[in-house]
Amino acid sequence: MHAERIVENLNRAHHELFGRDPAVCLIGEDLLDPYGGAFKVSRGLSTLFPERVLSAPISECAFTGMACGMALAGEKPIVEIMFGDFIGYAFDPLWNLAAKSVSMYGRRVPVHLLVRCTVGGNRGFGATHSQSPQKHLLGIPDLDLFEVNPFHDNVELLAELVERGNPVLLFENKTLYSRHCLREGDLDDLFAWRFIGPRREFAKICIEEPETPDAVVIAPGSVVFPALEAARRAFFDREIETVVLTPSQLHPFPLTPILDELARAKRILVVEEGIAGGSWAESVATAIYSRLWGRLENPVACLHSKSSIIPCARHLEERVLLQSGHIFEALIGESVRA
Amino acid sequence: MRVLRGAAQRLSADPPIATEATPAPAEADIEALFLIRGFERLLLDLFSQGALNGTTHTCLGQEYIPVALSPLFEASDFIFSNHRGHGHYLARFGDAEGLLLEIMGREGGVCNGVGGSQHLFRDGFLSTGVLGESVPAAAGMAWSLKRRGGRGIAVAYVGDGSWGEGSIYETLNIASLWQLPLLIVVENNAVAQSSCAERYRAGTIGDRARAFGVRALSIASSKLDEIRNCLAPEIAALRTRPPRPLVVEFVTRRLGPHSKSDDPRPPQLVAELWRSDWEAPLRQHHPALCERVAARVGARLEALRANALQKPFSEWADAR
C-alpha cells in the first residue's frame, strides 16, 4: 500500500482537527464540496462540518481580518489562501492585527490563527500564480512561518500550529500535493533520512551519515527534491558527500539543533525557490555567520530563483526557477548563483 | 428625532441633548459626558506641558455618541474601537484612571503603557489604530457570538474617513450574506484628519451600506433619549436570530484638531461647529445640576492627574 499523498495527509489533518476541536473552523475561497478547495485540501469538510467551513467571497482582506476576530473570540480559525500570490490583500490583518494583538496590549494575548498558503512555480501558472512570497512575511514579531515538506507529518503539525498561540503562516508548495509522504528510513536506493533535533525540527537526508560532510544543504519544502538530485549527482560524479537538512519551521529559524552539523561541514548551502533580496535564505545565512564565524571553511552560499517574474511556458519557467543544476554547481564549488 | 436617509445632512439645528421641554437628563449621563470632555481637555493640557509622549486623538464634540449607546450594549457584546476611542472606552468602563495611566505610560495603565492611546484591550473592548481594519475583525467576532448562541453583538466604531478602505465593503458583503450580528457605528464628522468630506467621499454612507442589503440609519440628533429611543429596537433586533447587520451613521462634529495641532479647517467653520455643541445649552438649561457634576468630575480628573504624575513608569513583562 502506498503512503498517503501530501494533499491527503493535509486533508486528514483537517478532518482530525475538526473532529476533535469544535473551535477549529476554515475560511477561504471555493471550499465547499464537491469542489473542496482549489487544491482539494478541504475536500469532505463542508459535508461533515457545514457550519464551520466558511466559503467566502473573493475578499482575502476581509476573511483574513474576520479570522483574526474569530481568534480573538477564542476560535481556532484556519484561513486558506488559494494562491500565495494573493496574500498581499491579507497582509494588513496579518501584520497589523493578528501578529500585533499577541503583544501590543501589554500582556500576552493568544491568537490561534493558522493561515495556509499555496505557493511556488513549476506548474505553468505564470507570473501572478507561481511566486514564493515567504520573504515578504519574514521577520514580523509573533508571526511564525512554517513550510510543508514530505517528511514532517501534517496531522501532527497542524495540531501543533492551531494551539501555538502565535498566528502562523504555513506555506504549501503546490508541486508537493501529489507527492507521497515519506517515512523515516530509506528514501531510495541511495539516501536514507531521519529526524534530528529535540523537537524533530529537521529531516536529515544523506547517504551514510558522514562525520565531516563535504556539504550541508538547508532545503525547505519542495526544493528538497532538486537538492537531493544535485546531491546524488555530486556523489556519483565527484564523490562529494552531502547532507540535506529540511526544516519545518522557517521563522524563527531553529538554528541550534543543526549547529554542530553545520560546523563540521566544508560547505554550507541555503536554497529556496524564492528570490534574493531580504530573503529567507539570506536571513538564515546571517544567523549562521553570527554563530559560526571563524569556523566556516567557505562562505555560506544562498541559492535562489532568478530575480525575475515567473514566465508561463515550461522552458522559460525553468530558466528562472532554481534547478538542481544550480545546486550541483554550488556543491562542487564552481559557481554561486545570486 | 430625525432619522435621515439619503443625501448628506447638515448638522442638527435642534438644541442639543435636552431642553426645558424635556425632563432633566440623568445625572449619570451628564457625568459621563463631562468625564469624557474633561478627560480629553486634560490630555491636551498635559500635551501642552510636554507631559505626554506621542500623539492622541480627542473626541471633543462626539462624546454624546458612546454615552448614548452605552446603556444599549450588554456585557456579552464586543466593542471594537478606533484611533479616536477614549470616549468609547470611558463610556463603557468609566475607567479614567486606567486610561490616563495608559496614555502616560505609568503603572496601572490598562495595557501597561504598551498600547497607548489607540491600542486598548480589556473585557470585550479592543481598539486598534489602522482605519477600517477592525470591521472585518468585528465581523469575525460577530460570527463567533452568533454560533455560540446568546444575544451578543459585535460593534465597530469607525469614522467617515474609514469608508475609503475596501475592507469595509468586503465585510458589508459578507456580513449581509451571512446574517451577522454586526453593528457599525459611523461617527461622521465630515473631516478625515485634514481633508473635508467633499474631497474624499462620493455619494453617502447609507447608500453604500444599502447597496449590500445592509440596513442603514442616519442620526443627526445629539439628544441621548432620542438616540436611545430610535436605536433600542434596532439593537434588540440585532440580538434576535438570524440578525441583520446594521449601520448607524451619526452626523456629528469634531471640535478639536485631528490629533494635537493639525486642523486646517477655517476658524469660522470650527466656531459654527461649536455653536451646535451640546455643552453650552446643557449648562444653560440645567445650571445647578451641571455645575455640581462638573465640579465633581473636575476634582476627580485633577486628582487623577496628580496621582498619575506620582506613579512609576510601567513595566512590560513581555519585553524582549
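Colleague: How many residues of α3(A) are buried?

Modeller: 13 of the 13 residues of α3(A) are buried, so this helix is largely enclosed by the rest of the structure. (Buried means that 20 or more other C-beta atoms lie within 10 Å of the residue's own, exposed means 12 or fewer, and partly exposed is in between, with C-beta atoms placed from the backbone. Helices, H or I runs of at least four residues, and strands, E runs of at least two, come from DSSP and are numbered from the N terminus.) Keep in mind that this is a predicted model, where local features need pLDDT of at least 70, side-chain atom pairs count only at pLDDT 80 or more, and totals for chains, interfaces and linings use all residues. As for labels, residues are numbered from 1 along each chain as its sequence is written, while chains are lettered from A and ligands numbered from 1 in the order in which they are written.

Colleague: And how far does α3(A) reach from its first C-alpha to its last?

Modeller: Its 13 residues span 18 Å, close to the 18 Å expected at 1.5 Å a residue (the expected span is 1.5 Å times one less than the number of residues). Just after α3(A) comes Gly74(A), with a positive phi of about 100°.

Colleague: How do I read two helices packed together, say at what angle α3(A) and α4(A) pack?

Modeller: Two packed helices are described by the angle between their axes and the distance between the axes. Here α3(A) and α4(A) pack at about 10°, and their axes are 9 Å apart (axes are lines fitted to C-alpha atoms, for helices over the stretch in contact, and angles run from 0 to 180 degrees between N-to-C directions). That makes α3(A) roughly parallel to α4(A) (under 35 degrees is roughly parallel, over 145 roughly antiparallel, 65 to 115 roughly perpendicular, and the rest oblique).

Colleague: Which residues in α3(A) meet α4(A)?

Modeller: From α3(A) you have Cys61(A), Thr64(A), Gly65(A), Cys68(A), Ala71(A) and Leu72(A), and they meet Asp92(A), Pro93(A), Leu94(A), Leu97(A), Ala98(A) and Ser101(A) of α4(A). (Contact means that two C-beta atoms, placed from the backbone, lie within 7 Å.) By class, that makes eight nonpolar, three polar and one charged residues (Ala, Val, Leu, Ile, Met, Phe, Trp, Tyr, Cys and Pro are nonpolar, Asp, Glu, Lys and Arg are charged, and the others, Gly among them, are polar).

Colleague: How many residues does each chain give to the contact between A and B?

Modeller: Chain A gives 26 residues and chain B gives 28 residues. On the chain A side, α3 (60-72) and α4 (91-101) each supply at least two residues. The largest share of that side, nine residues, comes from α3(A). Sorted by class, the side of chain A that touches chain B has 15 nonpolar, six polar and five charged residues.

Colleague: What about sheets: what is the strand order in the open sheet of chain A?

Modeller: Seven strands with mixed pairing run in the order β7-β8-β9-β11-β10-β13-β14 (strands pair if DSSP finds at least two bridges between them). Inside, β9 (residues 202-206) and β11 (residues 242-247) of chain A run antiparallel, joined by four bridges, and Lys204(A) stands opposite Leu245(A) in β11(A). Helix α6 (residues 224-238) of chain A lies across β9, β10 (215-218), β11 and β13 (267-275), at about 175° to β11(A). Helix α8 (residues 280-292) of chain A also packs on the sheet, touching β10, β13 and β14, with its direction at about 155° to that of β13(A).

Colleague: What covers the buried residues of α10(A)?

Modeller: The cover includes β10, α6, β11, β13 and β14 of chain A. Those buried residues of α10 (residues 324-331) are His326(A), Ile327(A), Phe328(A), Ala330(A) and Leu331(A).

Colleague: Where in the backbone are the cis peptide bonds?

Modeller: One goes from Asp33(A) to Pro34(A), with omega near 5°, and Pro34(A) sits in the loop between β1 (24-28) and α2 (45-48) of chain A. Lys40(A) lies in the loop between β1 and α2 of chain A too, and has a positive phi near 70° without being glycine. In chain B, the bond from Arg241(B) to Pro242(B) is cis, with omega near 0°.

Colleague: Last one: is Tyr89(B) buried or exposed?

Modeller: Tyr89(B) counts as buried, because it has 25 C-beta neighbours inside 10 Å. Tyr89(B) belongs to helix α3 (residues 86-93) of chain B, and, leaving aside residues up to four places away in sequence, touches Ser81(B), Leu99(B), Leu120(B) and Phe125(B).
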